[in-house]
Amino acid sequence: MGAATARTSKDESPRGPHGAADLPSVTVTSYNLEIRDQDGFIGDKASRSAFIDHLDALRSHLRKNGDDPLDGDTAAISKKELDALLREGDVREAALVLSAIEGFAQSLAFVIRRFVKVKSWSAVERIVVGGGFRDSRIGELAIGRAGIILHTDGVAIDLVPISHHPDEAGLVGSAHLAPPWIFGAYDSIVAVDIGGSNIRAGIIELRQDKAPDLSRARVWESELWRHADDEPSREEAIKRLGKMLNEQIRKAEKAGLKVAPFIGVGCPGLIEPHGRIDRGAQNLPGNWESSRFNLVDSIREMAPEIGGHETQIAMHNDAVIQGLSEMPAMQDIKHWAVLTIGTGLGNASYENRTKPRPKKD
């Protein structure tokens with residue numbers, strides 16, 4: 001293997017309302033970390049497409065002897081179908097899927113070993129794994145197996161599946177971006193999660209009466225649009241997002257929720273303090289990295305007020321926000337990280353501001 005190089009945002013500690021390193025309860029020590037070797041980006045070895053590649057390579061070997069137990073294109077097999085093969089398939093079908101899980105787990109462990117060689121990840125004690133791939137039995141088994149591989153190799157890092165549904169974690173984490181004044185006067189916020197395949201907008205109930213640390217925050221309602229199926233232009237995607245936002249706000253206010261004039265936004269890529277996306281948004285429809293496009297300004301134009309008050313917006317990388325949803329459960333350690341396995345491999349690392357709490361028995 002060639003020597004690896006690592007890159008993160010141009011400003012390691014950006015100052016400003018968007019993409020900030022200093023958040024109310026944590027310091028984001030890195031995100032969107034890009035490590036290259038002679039094969040390209042290391043993270044590509046642990047994306048959902050990498051799992052498909054593992055499975056397809058196994059099938060290719062079996063097809064040479066006419067022994068492939070599966071039919072059709074590998075990429076067209078859904079997570080649910082693969083899960084069903086594990087539970088209900090014959091021995092050869094289940095064994096084939098398990099073999100792909102093993103290969104992917106080895107790749108995931110390899111990626112983590114390379115990440116922890118970077119300064120911002122060197123002290124990480126626990127990694128939360130989210131993303132759409134986690135929402136499957138094959139994903140859970142791959143995460144568990146990668147954790148065993150790391151421990152047997154002497155890498156003392158725990159891997160845990162994210163506790164919220166991955167689709168909801170990307171919204172719930174926005175509660176940890178909200179400024180303190182919100183929590184005394186409002187019971188809910190608006191959140192947006194923009195991904196390489198989907199855009200989701202929803203209302204987050206803070207539920208501070210049940211848990212002041214936001215550990216009981218939840219999605220009250222949300223709308224999902226799979227933009228990858230429609231292949232819209234950037235302008236069409238933004239317009240659709242605006243409709244989703246205003247409909248969610250209308251429903252929440254009609255139901256009697258006290259919706260804060262605040263929108264938390266998660267988006268792929270490196271986020272500049274003024275709200276422009278520097279790089280990393282190549283899977284979104286159209287060019288979101290243009291110097292003439294500002295996502296924050298576009299959202300503000302579509303939802304200038306909430307409840308008669310001017311809307312405030314905080315935007316960060318989507319993996320950062322998904323990881324923040326798990327922050328209340330990370331208080332027994334100092335350094336932790338998140339990996340999101342989906343269209344690509346999202347990542348972020350954190351340092352808690354408070355002293356670690358003793359672990360509960």
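## Helix 3 against helix 4

In this predicted model, helix 3 (residues 91–115) packs with helix 4 (residues 137–152) at an angle of about 50 degrees, and their axes lie 8 Å apart. The crossing of the two helices is right-handed.

Helix 3 contributes Val 97, Ile 101, Glu 102, Phe 104, Ala 105, Gln 106, Leu 108, Ala 109, Ile 112 and Arg 113 to the contact. From helix 4 come Ile 138, Leu 141, Ala 142, Arg 145, Ala 146, Ile 149 and Leu 150. Of the residues in this contact, 13 are nonpolar, 1 is polar and 3 are charged.

An open sheet is formed by 5 strands in the order 2-15-14-5-6, with mixed pairing. Its edges are strand 2 (26–31) and strand 6 (158–161). Each edge strand has a single partner strand, so one side of each is left without a neighbour in the sheet. From one strand to the next, the twist averages 25 degrees.

Strand 5 (residues 126–130) and strand 14 (residues 335–341) run parallel and are joined by 5 bridges. Within this pair, Val 129 stands opposite Leu 339 of strand 14.

## Helix 4 on the sheet

Helix 4 also packs on the sheet, where it touches strand 5 and strand 6. The direction of helix 4 makes about 175 degrees with that of strand 6.

Key: Residues numbered from 1 in each chain as written. Predicted model: local features only at pLDDT ≥ 70, side-chain atom pairs only at ≥ 80, totals over all residues. Heavy atoms only, no water. Axes fitted to C-alpha atoms, helices over the stretch in contact; angles between N-to-C directions. Helix = DSSP H or I, 4+ residues; strand = E, 2+ residues; numbered from the N terminus. Left-handed = near helix turned anticlockwise from the far one by under 90°. Contact = heavy atoms within 4.5 Å. Nonpolar A, V, L, I, M, F, W, Y, C, P; charged D, E, K, R; others polar. Pairing = 2+ DSSP bridges.
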